[in-house]
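Dear colleague,

I am passing on a structure that I have been going through, and I would be glad if you kept it open beside you while you read the notes that follow.

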Amino acid sequence: MRQELMSLPKTLADDVARNLVMVAQLIDEDPEKAYGYAKVALRLASRVGAVREAAGFASYATQRYDEALKEFRTARRMSGSVELWPVIADCERGLGRPEKALEMAGAPEVQKLDKAGQVEMRLVAAGARRDLGQLDAAIVTLQSPELASNGVHPWTARLRYAYADALLAADRTEEAREWFAKAVESDKDGTTDASDRLAELDGVEFTDAYEDDGEADEESGAAERVAIEDAEPKDVRSEDALGADDAREARQDD
């Protein structure tokens with residue numbers, strides 16, 4: 001990306017770079033803000049392939065699939081690379097064209113992808129099968145050497161999760177539980193909610209400890225206030241009665 005930005009005047013390159021950094025930092029936590037920074041970068045340097053790609057991912061993260069598709073296709077033409085092939089296919093799914101995604105899954109470009117890209121393409125194809133109501137075909141699509149492997153790779157957790165989710169949709173609950181558990185084992189970074197899905201299948205319910213502590217503290221505080229109020233002596237007589245008592249004490253002293 002830095003190499004591509006060197007084609008711009010230095011000041012402009014720095015401005016574009018700052019916006020791209022913000023896209024990368026925000027795209028997971030606040031995709032709408034990331035999208036805003038991507039649009040600025042795109043306005044400044046629309047002829048830079050890396051900028052078009054970043055704009056594509058920001059649009060994709062905010063489910064603006066038509067924009068994402070346009071930017072990814074442009075970035076691919078600029079770079080000549082096939083690495084965006086799976087995400088382009090997934091944009092077709094997002095636009096309600098799963099048949100097009102399946103067509104792309106069988107294209108020669110898939111053979112040019114690295115292992116991660118091929119797994120990603122398999123995930124997209126399985127999703128397209130589910131879009132078409134072909135649940136059994138989706139399960140078969142995910143069955144692969146990568147799924148059966150005991151090794152842990154960047155794509156392992158997501159692949160196992162997708163397989164478990166497809167099995168659960170097919171009412172194969174015991175198998176789904178097994179694969180959600182395997183997804184948990186490989187998901188060291190928490191990229192999926194496999195642990196929550198597994199707990200749900202096991203009937204485990206979680207409560208917010210902080211909320212419970214807050215309620216307990218409030219109840220404890222109320223109890224303490226009642227105890228203190230009960231312990232303090234209270235003279236509820238009227239001022240006139242208190243005045244009469246004082247007068248009697250004065251006569252006794254005399």
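**Ala 162 and its contacts**

If the neighbours within four places in sequence are set aside, Ala 162 is in contact with Leu 123 and Leu 142. Please keep in mind from the start that this is a predicted model. Ala 162 itself has its place in helix 11, and Leu 142, although 20 residues away from Ala 162 in sequence, lies 7.9 Å from it in space, taken from C-alpha to C-alpha.

**The largest pocket**

Two or more lining residues come from each of helix 4 (49–61), helix 6 (85–94), helix 8 (115–131), helix 9 (135–142) and helix 11 (156–169). Which helix gives the largest share of this lining? That is helix 8, which supplies 8 residues. Sorted by class, the lining of the largest pocket has 18 nonpolar, 5 polar and 9 charged residues.

**The second largest pocket**

The second largest pocket has a volume of about 520 Å³. It is lined by 25 residues, of which Met 1, Arg 2, Leu 5, Leu 20 and Ala 50 are the closest to its centre. At least two residues of this lining come from each of helix 1 (2–5), helix 2 (10–26), helix 4 and helix 5 (65–79), and the largest share, 8 residues, belongs to helix 2. When the lining of the second largest pocket is divided by class, there are 16 nonpolar, 3 polar and 6 charged residues.

The contact is made by Trp 85, Pro 86, Ala 89, Asp 90 and Arg 93 on the side of helix 6, and by Gly 117, Glu 120, Met 121, Val 124, Gly 127, Ala 128 and Asp 131 on the side of helix 8. By class, this contact has 6 nonpolar, 2 polar and 4 charged residues.

Helix 6 also meets helix 5, where the axes come within 9 Å and cross at roughly 155 degrees. That angle makes helix 5 roughly antiparallel to helix 6, and helix 5 passes helix 6 in a left-handed crossing. Helix 5 brings Tyr 65, Ala 68, Leu 69, Phe 72, Arg 73 and Arg 76 to the contact, while helix 6 brings Trp 85, Val 87, Ile 88, Cys 91, Glu 92 and Gly 94. Of these contact residues, 8 are nonpolar, 1 is polar and 3 are charged.

The last pair is helix 12 (residues 173–186) and helix 13 (residues 194–201), whose axes come within 9 Å and cross at roughly 145 degrees. Helix 12 passes helix 13 in a left-handed crossing. From helix 12 the contact takes in Thr 173, Ala 176, Arg 177, Phe 180, Ala 181, Ala 183 and Val 184, and from helix 13 it takes in Ala 194, Ser 195, Arg 197, Leu 198 and Leu 201. The contact of helix 12 with helix 13 has 8 nonpolar, 2 polar and 2 charged residues.

With kind regards

Conventions. Residues are numbered from 1 along each chain as its sequence is written. This is a predicted model: local features need pLDDT of at least 70, side-chain atom pairs count only at pLDDT 80 or more; totals for chains, interfaces and linings use all residues. Side-chain values use heavy atoms; hydrogens and water are left out. Helices (H or I, at least four residues) and strands (E, at least two) are DSSP runs, numbered from the N terminus. Ala, Val, Leu, Ile, Met, Phe, Trp, Tyr, Cys and Pro count as nonpolar, Asp, Glu, Lys and Arg as charged, and the others, Gly among them, as polar. On a 1 Å grid over the protein atoms alone, a cavity is a set of points where a 1.4 Å probe fits but cannot get out, and a pocket is an open set with protein on both sides within 12 Å along at least five of seven lines; lining residues have an atom within 4 Å of a point. Grid points are joined across faces, edges and corners, and a volume is the space filled by probe spheres set on the points. Axes are lines fitted to C-alpha atoms, for helices over the stretch in contact, and angles run from 0 to 180 degrees between N-to-C directions. Angles under 35 degrees count as roughly parallel, over 145 as roughly antiparallel, 65 to 115 as roughly perpendicular and the rest as oblique. A crossing is left-handed if the near helix is turned anticlockwise from the far one by less than a right angle, and right-handed if clockwise. Contact means heavy atoms within 4.5 Å.
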